[in-house]
Amino acid sequence: DEGENWSSFQIDWEYLDYFPSIAFTEDNLLISSYEVGTFFTDRNSIDWKPTFFISELTHDFVIHGSSIWLLTDHGLYLSDNEGEYWELKGFSNGGVGQLAVSDQGVFATDQEGSVFISEDRGIHWELKNQGLGDAMVNLLFSDESLVLAATHSNNPNIHSEMFKWNSISASWESLGLTNVAIWDIAFDHGKIYMVSNNNTLLISDDNGATWSETDIGPYPNTINSVSASGNLILCGSNNGVWVSTDAGENWDLRLDYLTEQYVNSTAIFNTTLFAATDNGVFYSEDKGLSWQPFNEGLPFSFIENKLVLSDGYIYVSHYSCGVWKSAIPGNSGLEIIPYHFTFQVYPNPVKDKLFIETKNQSMSYGITVRSVAGIELFTKEGFGSTELSLEGLTPGIYLLELGLGNDRQIVRILKL
């Protein structure tokens, strides 16, 4: 009313105390903050939403299903639409240290090494240190159903130890591994691969109850990361990558482009190897014998954080440039096709039972249900029209792979 009356229109985040500019679109009001980017709201709302981040605040990220969790100096953020919209999910004082996301919830540590868990995607957080004693958690790892924590302490009487989360007792259970420094962990087809100090790879196929050991390479060639797919294991070191094609029995140092490069993160897609180095991203289609650069469009060369494969895409991050995404090279075989093409799949979204129909009732075909990360959850043989039970799966997005001879079709399924 031309300035006669005024009402407050604010953001309740304490660290936003300086707004150098303001602008209007046809429907929205936008402001820019000095530290954490631009925010917008419609003219009738006080619910502000960030539109992008100042990228030098990026510390780490986790891909879980169709969601991206981003760890920054100013808090923990969640995007469900590939970064177009971000929502603050806690730790606005920047105190979060480690992050893991699984079907059991979101796990985060503060700067003191205490673990907080959210079962409602970051709306509420609870302190969950039961079983850890006085040790501090310095690393968190997870797959869909398993969450592991590595601890350390400045107290010489408290040893480094590995724990796993028990959702039934709501407490942490020791894996019996003490005095071991863990650098990285990988999960593949029910197995856990753990890189420890002295270049030792620990492998468990019973959720950590028992472990076998194998030496990777000559010490002091430091091993930084591990990835696994079947019998193929890839480890990054401070001098290239080590590859085993026989489940860790034998190892070869694969150099080529990666000679004398620091490899701090690795990943495997089918039989294609990926390495994040101090000179960019490289990939190999011949089990590490030769490597090709994969850096077109990347504004940085040193991959400071980690490399993640999810749903046919490769993600990398850098502290000063944020998170970047690209399609996996040569990944034409993972095309997501409409569910009515050859097989009719319904209902989608689905609550419990999924129906697969084909015109050829005498045709047999393979059915595989995978997580969006490509991890196989279960398989079944289909014959003609088939009923598939999804009752044992938690709500989320899954990939339904239908195989017929050398052909396959992949359908994205939303489980309610």
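Colleague: Which residues do ring pairs link into a cluster with Phe 91?
Modeller: This is a predicted model. Eight aromatic pairs are counted in it. Ring pairs join Phe 91 into a cluster with Phe 116 and Trp 125.

Colleague: What is the geometry of the pair Phe 91 and Trp 125, stacked or edge-to-face?
Modeller: The ring centres lie 5.1 Å apart. The planes meet at 75°, and over 60 degrees counts as edge-to-face. The pair is therefore edge-to-face.

Colleague: How many residues apart in sequence are the parts that this pair ties together?
Modeller: Phe 91 sits in the loop between β8 (87-88) and β9 (96-102). Trp 125 sits in the loop between β11 (115-118) and β12 (126-127). The pair therefore ties together parts separated in sequence by 34 residues.

Colleague: Is Phe 91 buried or exposed?
Modeller: Its relative accessibility is 16%. Buried means under 20%, so Phe 91 counts as buried.

Colleague: Which residue in β22 is the bridge partner of Ala 228?
Modeller: Strand β21 (residues 223-229) has six of its seven residues buried, so the rest of the structure largely encloses it. Six bridges join β21 to β22 (residues 232-237), and the two run antiparallel. Across from Ala 228, the bridge partner in β22 is Ile 233.

Colleague: Which residue takes a positive phi in the hairpin of β21 and β22?
Modeller: Two residues lie between these strands. The phi in question is near 65°. The residue is Gly 230.

Colleague: Which residue in β33 stands opposite Val 345?
Modeller: An open sheet of three strands runs β32-β33-β36, with antiparallel pairing. Three bridges pair β32 with β33 (residues 353-357). Opposite Val 345 stands Ile 356.

Methods: Residues numbered from 1 in each chain as written. Predicted model: local features only at pLDDT ≥ 70, side-chain atom pairs only at ≥ 80, totals over all residues. Heavy atoms only, no water. Pairing = 2+ DSSP bridges. Helix = DSSP H or I, 4+ residues; strand = E, 2+ residues; numbered from the N terminus. Buried < 20%, exposed > 50% of the residue type's maximum accessible area, 1.4 Å probe, protein only. Phe/Tyr/Trp six-rings, centres within 6.5 Å; stacked < 30°, edge-to-face > 60°.
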